[in-house]
Amino acid sequence: MSLRHAVLGLLAESPASGYDLMKTFDASLAHVWPATQSQVYGELNKLTTAGLIEVVAHGPRGRKEYAITKAGRAELHHWLIEVEPVGPQRHDGLLRVFFLGVLTPLEARTYLLQQAERAARAHAGYQELADAGLWDEEMIAVYGRIALEFGLRQTAMVEEWANWAAKEINSDVARRSREAVREQAQGGDPEQGQGE
């Protein structure tokens, strides 16, 4: 659903070809909603069939330029105002955190420090994009910069959290929890845990 609205949003600013849309996706939207060329071109066909966009110009080698229709603007407005955003309800990385207690403290700390490193790399990528100076006064640039700021703040927060969490592995509470799990496992199988 969001790819449809991403394409509508880009075309709400100005008409564009599929190639132009892919350049914009790669330069900005890919950080929040990545899409492949085949997905974008497929969505252009669906939006045209649905009457939400139309072909307004033809160019060499089959190039088509698309523009949003009145119905497309109404759909985009409806989505922006009336449809509740769906956040990430499934997060594989955080689900793993719940079960880090089955690992050794070193393995758990390593996992968390890897998350911190990933966040730091992502943050550096966002910062590079912010420093590139591509932010002019067009709609997508103004609001894209606001979205980019979310990425900068979120990655900084994840890095800080993961480093903090790695230190928490050594806390008394974490140690007692590991010991309780080990005792329970040994209670279920007397052979288990011998020789550790």
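This briefing walks through the helices, the sheet, the core and a pocket of one structure. The model is predicted. Helix 1 is mostly covered, with 9 of its 12 residues buried. The largest nonpolar core has 21 residues, and the second largest pocket has a volume of about 380 Å³.

**Helix 1**

- Helix 1 covers residues 2–13.
- Its 12 residues should span 16 Å at 1.5 Å a residue, and the end C-alpha atoms are 17 Å apart, so the two values agree.
- The buried residues of helix 1 are Leu3, His5, Ala6, Val7, Leu8, Gly9, Leu10, Leu11 and Ala12.

**The largest nonpolar core**

- Nonpolar side chains tend to be buried together in soluble globular proteins.
- In the largest nonpolar core, Val7, Leu11, Leu21, Phe25, Val40 and Leu44 touch the most other members.
- Helix 1, helix 2 (18–27), helix 3 (37–49) and strand 3 each give two or more residues to this core.
- Helix 1 supplies the largest share of this core, 7 residues.

**The sheet and its hairpin**

- Strand 2 (residues 53–58) and strand 3 (residues 64–68) pair in the antiparallel sense over 5 bridges.
- Histidine 58 has lysine 64 in strand 3 as its bridge partner.
- Glutamate 54 has alanine 67 in strand 3 as its bridge partner.
- Strand 2 and strand 3 form a hairpin, with 5 residues between them.

- Arginine 61 sits in the loop between strand 2 and strand 3.
- Its phi is near 55°, a positive value in a residue other than glycine.
- Is arginine 61 buried or exposed? Arginine 61 counts as exposed because its relative accessibility is 84%, and the cut-off for exposed is over 50%.

**Helix 6**

- Helix 6 has 27 residues, which should span 39 Å at 1.5 Å a residue. Its end C-alpha atoms are 39 Å apart, so the span agrees.
- The buried residues of helix 6 are Ala108, Tyr111, Leu112, Gln115, Ala116, Ala119, Tyr126, Leu129 and Ala130.
- Residues three or four places apart point the same way, because an α-helix has 3.6 residues a turn.
- Glycine 133 follows helix 6 and has a positive phi, near 70°.

**Valine 102**

- Valine 102 lies in the loop between helix 5 and helix 6.
- With 68% relative accessibility, valine 102 counts as exposed.
- Valine 102 and arginine 182 are 80 residues apart along the chain, and their C-alpha atoms are separated by 9.0 Å.

**The second largest pocket**

- Rolling a probe the size of a water molecule over the atoms shows where empty space is left.
- Which residues lie nearest the centre of the second largest pocket? They are Val97, Leu100, Gly101, Ile169 and Ala174, out of 18 lining residues.
- Helix 5 (92–98), helix 6 (105–131), helix 7 (139–168) and helix 8 (172–188) each give two or more residues to the lining of the second largest pocket.
- The lining of the second largest pocket divides into 12 nonpolar, 4 polar and 2 charged residues.

Terms used. Residues numbered from 1 in each chain as written. Heavy atoms only, no water. Helix = DSSP H or I, 4+ residues; strand = E, 2+ residues; numbered from the N terminus. Expected span 1.5 Å × (residues − 1). Buried < 20%, exposed > 50% of the residue type's maximum accessible area, 1.4 Å probe, protein only. 1 Å grid on protein atoms, 1.4 Å probe; cavity = no way out; pocket = protein on both sides within 12 Å on 5 of 7 lines; lining within 4 Å. Points joined across faces, edges and corners; volume = space filled by probe spheres on them. Nonpolar A, V, L, I, M, F, W, Y, C, P; charged D, E, K, R; others polar. Pairing = 2+ DSSP bridges. Core = buried A, V, L, I, M, F, W, Y, C linked by side-chain atoms within 4.5 Å.
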